[in-house]
Amino acid sequence: MNSLPAVPRPDIERRGLRDLVYDHILEILLTGEISPGERVSIDGLARRLDVSPTPVREALVDLERTGLVVREALRGYRVAPPLDRGQLEELFVARETLETTATRLATPADDAFLEDLRAAHAEHERAGARVREATAAAESAAADDEEAQHRLVAAAQDYYARDRAFHGVIFDHCDNRYLVRMSDDLGAQVHRLRQALPHGITDVDEAVSEHRAILEAFASPDPTAPEAAMRHHVRMVAHRALVEDPQPPTT
């Protein structure tokens, strides 16, 4: 049978472009290039990404659903403000429900899963060490040393990415595509939690230790251990955010 000629589909091409624009704007928001409360310039983003304003508007509509941006009548979009205490409490309840469910579904862990989780934990540990080094360097540097501050921001961003990757391994092995999507949506709200952390990452040692306990629980023969370890981790993050410190820590 002769193959049919390809027929251009403008709608598919347009959706592909919108997805790319969405990803780029999401990266800009997650790296903090636009501060909470700051106005989002559609024309400015369009020029930066070398696209028309239309896919930028469409991407912002989708991002509004994540809570990362808010639309104001006749004034356009702004980056959402940091979460207040009530929103943080709700977020931690949602996160505990989601994370413990995924952990339970991922149990028992097979060899491939354990290998992936060990690798992710090792990367998280190394990222934590870089944060400690960058924090010490920034504290000893002059207040106007932009290079030291830049290194600290870069180390923090990498640390957050490695933290997400560790949790992502568990979601990847829970065999539930809907939980994975819910986790992606919740990740945007976790970013808003981090926006409320102007003083830097303060609980690297605790978070790395709790991740290690989760890894060891998956490697143990106790089928209830992983879920219990995950619940403890999420609750300790909430405790550090809401009890020990008026500002929320890293996840």
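Predicted model: local features only at pLDDT ≥ 70, side-chain atom pairs only at ≥ 80, totals over all residues.
Axes here are lines fitted to C-alpha atoms, for helices over the stretch in contact, and the angle between two of them is taken between their N-to-C directions, on a scale from 0 to 180 degrees.

Take helix 5 (residues 111–140) and helix 8 (residues 204–219): their axes come within 10 Å and cross at roughly 170°. Angles over 145 degrees count as roughly antiparallel, so helix 5 is roughly antiparallel to helix 8. Sorted by class, the contact between these two helices has 10 nonpolar, four polar and five charged residues. On the helix 5 side, the residues include Phe113, Leu117, His121 and Arg132, while helix 8 brings in Val204, His211, Leu215 and Phe218, among others.

Three strands make up an open sheet in the order 1-3-2, and the pairing is antiparallel. Strand 1 (39–40) and strand 2 (69–72) sit at the edges with a single partner strand each, so one side of each has no neighbour in the sheet. Between strand 2 and strand 3 (residues 76–79) there are four bridges, and Glu72 is found opposite Gly76 of strand 3. Helix 3 (residues 53–66) lies across strand 1, strand 2 and strand 3, at about 110° to strand 2.

One residue of helix 4 (residues 85–105) deserves a look too: Glu99. Its relative accessible area is 6%, so Glu99 counts as buried. The side chain of Glu99 makes a polar contact of 3.1 Å with the side chain of His167. Setting aside neighbours within four places in sequence, Glu99 touches His167, Phe171, Met230 and Val234.

Key
Residues numbered from 1 in each chain as written. Heavy atoms only, no water. Pairing = 2+ DSSP bridges. Helix = DSSP H or I, 4+ residues; strand = E, 2+ residues; numbered from the N terminus. Contact = heavy atoms within 4.5 Å. Parallel < 35°, antiparallel > 145°, perpendicular 65-115°, else oblique. Nonpolar A, V, L, I, M, F, W, Y, C, P; charged D, E, K, R; others polar. Buried < 20%, exposed > 50% of the residue type's maximum accessible area, 1.4 Å probe, protein only. Polar contact = N/O pair within 3.5 Å; in protein donor to acceptor, adjacent residues only side chain to side chain.
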